[in-house]
Amino acid sequence: DSGVGKTTLLNLLMGLLSPLSGQLYADRNSFSAYQNKFWQEKICHIPQNSLLADASILENITYGSDNKNIDMEKVKEVCKKAELENLIKKSENGLNTIIGEKGLKISGGERQRLSIAKAIYSDKEIFLLDEATNAIDEDTETKIFKNFKEIFRNKIVIIISHNKRNYDFCDKIYEIKNKKIEIIK
């Protein structure tokens, strides 16, 4: 449900907020995520509205990478997994197409797929998706989630989604109810 604290929970996990009470635990060990650079470097957050640079598709996917070390095979693979190939094919300059400030030259679904490609390229250990596919059509979303099963096989992935179809791709499902996290599956 809206307003139950899903995004707040992600902010706690990312270390952007410190709990007012209680503790975070990983493998039964208490830890502090708040301003914990070691922990934060392991996390990739994919929000509903990602920040994209007024730059090329390629520069957005590889954001933060040294231009000399860009793995073009990996870029092509993440574009395929994020279902971005059609955007690249139809764009006059392919991967070098400038997407505009905040990605305004592409659709909302294309922005989300670009953010997903950027996340996959980052190859972090933990992925936090906060309604990261809600602007993507149903068929494409299903393809992306099928790809997630392969891509994120040995990763921790937490998905916030109101779309119950996505639950089929999850090993465990939790619900926040009455300020408590309850397991559903």
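This is a predicted model: local features need pLDDT of at least 70, side-chain atom pairs count only at pLDDT 80 or more; totals for chains, interfaces and linings use all residues.
User: Why is α6 called mostly covered?

Analyst: Eleven of the 15 residues of α6 are buried. Buried means under 20% relative accessible area. The buried residues are G109, E110, Q112, R113, L114, S115, I116, A117, A119, I120 and Y121.

User: Which elements do the buried residues of α6 pack against?

Analyst: They pack against strands β3 (43–46) and β4 (126–130), and against helices α3 (57–61), α4 (72–81), α5 (85–90) and α7 (138–151). Just after α6, D123 has a positive phi of about 55°.

User: What makes the buried residues of α4 line one face of the helix?

Analyst: The buried residues in α4 are V75, V78, C79 and K81. Seen down the helix axis, they fall within an arc of 165°, so they line one face. In general, an α-helix has 3.6 residues a turn, so residues three or four places apart point the same way. The buried residues of α4 pack against α3, α5, α6 and α7.

User: Why is N60 called buried?

Analyst: The limit for buried is under 20%, and N60 has a relative accessible area of 0%, so N60 is buried. N60 is found in helix α3. Not counting residues up to four places away in sequence, N60 touches L52, A53, A55, I99, L114 and K118.

User: How do you know that L52 is buried?

Analyst: L52 has 9% relative accessibility, and therefore counts as buried, the cut-off being under 20%. L52 is found in the loop between β3 and α3. Beyond its neighbours within four places in sequence, L52 is in contact with N60, I99, K102, G103, R111, L114 and S115. The C-alpha atoms of L52 and Y63 are 9.2 Å apart, and the two residues are eleven apart in sequence.

User: What makes E125 and K42 a salt bridge?

Analyst: The closest N and O atoms of E125 and K42 are 3.2 Å apart. The cut-off is within 4 Å, so the pair qualifies. The bridge links distant parts of the chain, 83 residues apart: E125 is in the loop between α6 and β4, and K42 in the loop between α2 (37–40) and β3. E125 is partly exposed at 45% relative accessible area, whereas K42, at 18%, is buried.

User: How do you know that K155 and D123 form a salt bridge?

Analyst: Their closest N and O atoms are 2.9 Å apart, which means they meet the limit of within 4 Å. This pair also links distant parts of the chain, 32 residues apart, with K155 in the loop between α7 and β5 (156–160) and D123 in the loop between α6 and β4. Both K155, at 25% relative accessibility, and D123, at 45%, count as partly exposed.

User: Why is the pair of K177 and E175 called a salt bridge?

Analyst: The closest N and O atoms of K177 and E175 are 3.9 Å apart, and the limit is within 4 Å, so the pair qualifies. K177 is partly exposed at 41%, and E175 is partly exposed at 27%. Elsewhere, salt bridges that share partners join E77, K81 and E150 into one network. The structure holds ten salt bridges.

User: Why is I183 called exposed?

Analyst: Exposed means over 50%, and I183 has a relative accessible area of 53%, so I183 is exposed. I183 is found in strand β7, residues 180–183. Together with Y174 and I181, I183 makes a nonpolar surface patch of about 330 Å².

Key:
Residues are numbered from 1 along each chain as its sequence is written. Side-chain values use heavy atoms; hydrogens and water are left out. Patches are made of residues with over 30% relative accessible area and no salt bridge: like charges are joined within 9 Å, nonpolar side chains (Val, Leu, Ile, Met, Phe, Trp, Tyr) within 5 Å. Accessible areas come from the Shrake-Rupley method with a 1.4 Å probe; for residues, only the protein chains shown count as cover. A salt bridge is a side-chain nitrogen of Lys or Arg within 4 Å of a carboxyl oxygen of Asp or Glu. Helices (H or I, at least four residues) and strands (E, at least two) are DSSP runs, numbered from the N terminus. Buried means under 20% relative accessible area, exposed over 50%, partly exposed in between (1.4 Å probe, protein chains only). Contact means heavy atoms within 4.5 Å. The arc is that of the directions from the helix axis to the C-beta atoms.
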